[in-house]
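Here are my notes for a colleague who is meeting this structure for the first time. Please keep the picture open while reading the points below.

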Amino acid sequence: MPEIAAKPFSFTFHPSTTALVVIDMQRDFAEPGGFGASLGNDVSRVQAIIPTVRRLMDGFRAAGLPVIHTMECHRPDLSDLPPAKRDRGSPAIRIGDPGPMGRVLIAGEPGTAIIAEVAPLPGEIVIEKPGKGAFYATSLSDVLTRMGARQLVFAGVTTEVCVQTTMREANDRGYECLLGEDATESYFVEFKQATLAMIRAQGAIVGWTAMTDQILEGIA
Ligand code: TIU
């Protein structure tokens, strides 16, 4: 079995059962005026990883391995938006409100779109999700079963919110999960570092972590 040099130890995988899952690389989390900024966050840290995420995606594409994208978003009628989520944090602009990039975090709006540099190619799967985890109220489980996936490599934002939640959901479903250390980002430096550490602690209790160069070397 091929291996990726990872922490806390090598990540073994089979190319025919491995997929990349890119979490929520949306304008709403990376640009001023979006959802992330409305919660009071500095979004520049997210912008900085865009080229690295692109490099990782292109490596999977070149190796003929699937790339799956997720988007955190809600229906225009807000029927999948619990009031508890809408009101949380008393944001300057709430989910569904009109903002500079359209209605915040609503499917089909310009700000909700995936950032152009890391946009899905025709034919790649895009999972729209109303929660932080990508398995809740989505078809992701069925999609992965149909693909025969067993190992999942993760990238995207934010590390301790949607990425970690999804990795934990995937780990509990029996997937072996690896997170790209430099292909994920948080609005909080210390939360990212803590998340990487807690994922790989206790003998990879949630999963593995590795740098993009190591992942690309392993899948090439
Ligand atoms: N606020 C924050 O850190 N993240 C989110 O709300 N969603 C995702 O992580 N995608």
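**Notes on the sheet and its surroundings**

1. Strand E3 (residues 18–23) and strand E4 (residues 67–72) pair in the parallel sense over 4 bridges, where strands are DSSP runs (E, at least two residues), numbered from the N terminus, and two strands pair if DSSP finds at least two bridges between them. Within this pairing, leucine 20 has valine 67 as its bridge partner, and isoleucine 23 has threonine 70.

2. This is a predicted model, in which local features need pLDDT of at least 70 and side-chain atom pairs count only at pLDDT 80 or more, while totals for chains, interfaces and linings use all residues. Residues are numbered from 1 along each chain as its sequence is written.

3. E4 is also joined to E7, by 5 bridges, and the two run parallel; here methionine 71 stands opposite glutamate 128. The open sheet consists of 6 strands in the order E7-E4-E3-E8-E9-E10, with parallel pairing, and its edge strands, E7 (125–129) and E10 (208–210), each pair on one side only.

4. Because 6 of the 6 residues of E4 are buried, this strand is largely enclosed by the rest of the structure; a residue is buried if 20 or more other C-beta atoms, placed from the backbone, lie within 10 Å of its own. Val67, His69 and Met71 point one way from E4, whereas Ile68, Thr70 and Glu72 point the other way. In a regular strand the side chains alternate between the two faces of the sheet.

Methods. Buried ≥ 20, exposed ≤ 12 C-beta atoms within 10 Å, placed from the backbone.
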